[in-house]
Amino acid sequence: MNAPLRRVGLVVMVLFGLLFANLNWIQAYKADDYRNSDYNGRVQVAEYERKRGNIEAGGTALAVSKETDGELEYLRTYPAGAKYAHAIGYKPVNLADTGIEEAENAFLAGTSDQLIGDRLRDLVTGDETAGANVLLTISKQAQDVAYEQLLENRKGVSKGAAIALDPRTGAIQALVSMPSFNPNPLASHDSDEATAAYNELQQNPDGPLKNRALGEVLPPGSTFKIVAAAAALENGFTQDTKIPAGPSWTPPTSGQPIKNAAPSICPEAEVTLMNAVTESCNTGFAQLGVRLGADTLKQKARQFGFEQDDLTVGRLGEDGEPVAASRTGSMENADGSVDPAALAQSSIGQRDVRMTPLQGALIAATVANDGSQMRPYLVSQILGADRTTNYYTAEPDELRQPVSDQVAADLREMMESVVQNGTGRNARISGYTVGGKTGTAQSGPDTPDHGWFIGFALDKDGNPVSAVCVLLEEAGDGGSAEAARIAGQIMRAAIASPGSR
Amino acid sequence: MTAAATSTSPPTSTGGQSGVRLARSRRNAELSLLLLAMVLVAAYGAMVEASVLDTVTPSFWVPAAALSAVFLGLHVAIRFLAPFADPALLPAVALLNGLGVGFLHRLDLARATPAERAELATFAGTGGRQLAWTLISVALAAGLLAVVRDHRSISRYAYTLGLAGIVLVMIPAVLPPSISEINGAKLWIRVGGLSIQPGEFAKLALLAFFAYYLVRKREVLSLASRRFLGVDLPRGRDLGPVVVVWLISLLVLVFEKDLGTSLLYFGMFVATLYIATERVSWLLIGLVLFFGGAYLAYVLGDLIGGPFANFYLRANIWLDPFADPYNDGYQLVQGLLALGSGGMFGAGPGAGQPLKLPEVQNDFIFAGLGEEIGLFGLSALLVVYLLIVERGLRAALAVHDSFGKLLAGGLAFTLGLQVFVIVGGISGLIPLTGQTTPFLSAGGSSLMANWLLIAILLRISDAARRPVTGGGPPSTRPTGGPPEQLHGAPTEVIRP
């Protein structure tokens, strides 16, 4: 009977071998799938065992984790409430993370490979060292002003956005989307409360959860004339080249006549390019665009960053919050030929042209920074829990060079003229040279126009210190002037803030 | 443990199997291994406290010490009652039993509020109850060693045990579900707050009967045969008992709604049949019958439902546990998630979240442990189980009488098969069934029955390793002896 006994022993070995192989399959090969499965409730409990790192700006903590008595050991709180909601996002228990909370989750939660030192130390000491701290480029002063001025805008507008950045680096100084929301209820450990808060925000027709500064695309109106002017300067025009204007102009293939915002604007037959920009002459730019051609205009817009659909804002070199692509849209007939009416309207930022506030700020920043467009970013530094280990410091990076420094200098003079003599006077800051461009965009047949302003400020030495874009949706008459005023306030605060050089 | 296993082989290499064996009881090896196991159990308890309570209480060693006292008692009993028993069995089982108590205590800690935790006494909660059951079970095992001084005497009660086994198997099947059903499987007798799993004891009784019956019938079963396709097939009339057991196991499958138990009984029988007859054909016939029957039950469950519906459902859960992760597949899904969350190294003792697992103190204890001790820890546990099984088989190889060979081989294989059925079930290798995890799961029936199984293996290994010098059996040998045909000289069949 010994031979079969030995074989039975072998069979048991095989059975246990199968168990062992299967456990390897589950605990090694499939482990990550199961560990991060949606059905796995232990994920969040474990995540909340370690204190999540802070998100800070200018020495102020904007997102902190506080100890609790519950099963989830830390509660994420946002001391600044709605002010920074879109700049940092939020970290709910069951819903999806957003913004910096999502993009920098690995560092904040302490699960990043780079934090291996902390984790190894934890193994020895038995502590749970907190996650790393993420420091933002946001200037507290600029953000305060942007948030308050937008909230208390004199047009009583409820939707809009403001974004400011340093033209020399791309560091974002302020980022506000209106209406904003209080992220604290969303992070509640009471899932009913969190879900109720989320549903309420989700159902709000004004879309408070939407980050308009990066995600809203609207017709840019006359701010787009800077792109058209850049194309003109590169195609033989100068500031003083006279271009056809007039009180009204109807594109060759019928369509609606294009008029100016007021009868006082460029009624003469010809104006200089400089004046066309300063006064925001629609008839002049409509004819200029048709003369330049759709391809030239589209190409210039693309060189400024239009059509880019993979830009994100967060840490340089890493994925951050996605930025919606700005578009020039179709300027063609059904048969593929260029439609002059569409081209003319597109040249003044109407028709199917769409732009994000960030794109507007990037155009102004490019002009201010000698034609070099820096990649925008929000994360300036990542510090370990001990606040001394530095895991990351932003190294600014050029995104593209849309125009030469000569063209940029010409555009700068034109935009300065807008603030000095033209439609953007509200943006002036004493002691600084401010340039900009207003925009009033038709939003629809029965709704008020959107008000835009893009601009920049140079210090006494001519160094660009801030570029900004303010959007007031459906603001109606005077919307762009109010946007210019708010933009000036934001840039002044950004200049005054300690971080600015 | 592995080192111990090798060191227990015959110490003199020149002697070999037939040579003069050095008479060494190796009881001191058993003692030191046992103490090592208890140190591991104490260390586990300390790690759990460090993780759950953030501090190691001054009394962390108390459960381990209580267990040590119990096992040392058995160790002393073995010194007197079975001095030549296999020295690896007790420490290996004690380690599993101790870790089981430790994990159940860890569950109590997790269930308690922070205020209650500090006052959780050693004998409170499921961990404490398991500790008490361990004491009773080990006492019973010692009692069995004391009463049964020669394993061959068991064969005298073979028919009684066989009948008792069938009755024990059938009781839950005929009882109303309100008394016998837990989680869809009718395996229990629940009286008051106590639930007994008669099947755990039936296993032992039936095996004793099989061993006796097959030793008597083995010549007929192994010799009279026809060759077909290169396989020796038994005569039709000899198939009778196999068919009967097959029917019983299918009845269990259908009426107790439990594939695991059914597979266990059938596998147990086929294995002993194969060991007795050395005919591969029995294995093939058994496998074909079992899988054919299971497939038939699956098809019938799909077509007509009724008593087969439960098996059909379980098989479908096994095929795709994530199809209905919150209802039908909930248990298996949570088991897989716990194992996966543990990964290779585990969260660490006390650092997982075993309460997310349904039935974590019973069926899913292996998954709960797996979350905390990881693939490496579970592999170590599997090795300890394998060690117990292989030591049991070694006792079967070395013992001289056929009844002892069959009984030890059958018991060892059954233990291994049970581990395979439950661990395979919770890890999705085979359909999930309601088996206990030997020595780990909470519950008196399982613990008692498995300790009795170990007592029998200890008894047989003692007989196997006892030096034959002096000509006669020890003086403690009972008079009156078992039936004649069982203890003539070695009955091993010599095959060319």
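In this model, 41 residues of chain B are in contact with 31 residues of chain A, contact meaning that C-beta atoms placed from the backbone lie within 7 Å. The model is predicted: local features need pLDDT of at least 70, side-chain atom pairs count only at pLDDT 80 or more, and totals for chains, interfaces and linings use all residues. Residues are numbered from 1 along each chain as its sequence is written, while chains are lettered from A and ligands numbered from 1 in the order in which they are written.

**Chain B side of the interface**
- Helix 11, helix 14 (330-342), helix 15 (365-398) and helix 16 of chain B each supply at least two residues to the side that touches chain A; helices (H or I, at least four residues) and strands (E, at least two) are DSSP runs numbered from the N terminus.
- The most comes from helix 15 of chain B, with 12 residues.
- By class, this side of chain B has 23 nonpolar, 13 polar and five charged residues. Ala, Val, Leu, Ile, Met, Phe, Trp, Tyr, Cys and Pro count as nonpolar, Asp, Glu, Lys and Arg as charged, and the others, Gly among them, as polar.

**Chain B overall**
- Chain B has 17 helices and six strands.
- Of its 496 residues, 52% are buried, that is, with 20 or more other C-beta atoms (placed from the backbone) within 10 Å of their own.

**Helices 11 and 16 of chain B**
- Helix 11 (residues 259-277) and helix 16 (residues 402-426) of chain B pack at an angle of about 145°, with axes 9 Å apart. Axes are lines fitted to C-alpha atoms, for helices over the stretch in contact, and angles run from 0 to 180 degrees between N-to-C directions.
- Residues making this contact include B:G260, B:G267 and B:A271 of helix 11 and B:G409, B:G410 and B:F413 of helix 16.
- The contact has 11 nonpolar, eight polar and no charged residues.

**Helix 15 of chain A**
- Eight of the eight residues of helix 15 (residues 340-347) of chain A are buried, so this helix is largely enclosed by the rest of the structure.
- Its buried residues pack against helix 11 (225-233), strand 9 (258-259), helix 13 (282-292) and helix 14 (294-304) of chain A.
- Just after helix 15 of chain A, A:G349 takes a positive phi of about 75°.

**Sheet in chain A**
- Five strands of chain A form an open antiparallel sheet in the order 6-5-19-18-17; strands pair if DSSP finds at least two bridges between them.
- Strand 17 of chain A is joined to strand 18 (residues 450-458) by nine bridges, and A:K437 stands opposite A:I454 in strand 18.

Methods: Two residues are in contact if their C-beta atoms, placed from the backbone, lie within 7 Å. A residue is buried if 20 or more other C-beta atoms lie within 10 Å of its own, exposed if 12 or fewer, and partly exposed in between; C-beta atoms are placed from the backbone.
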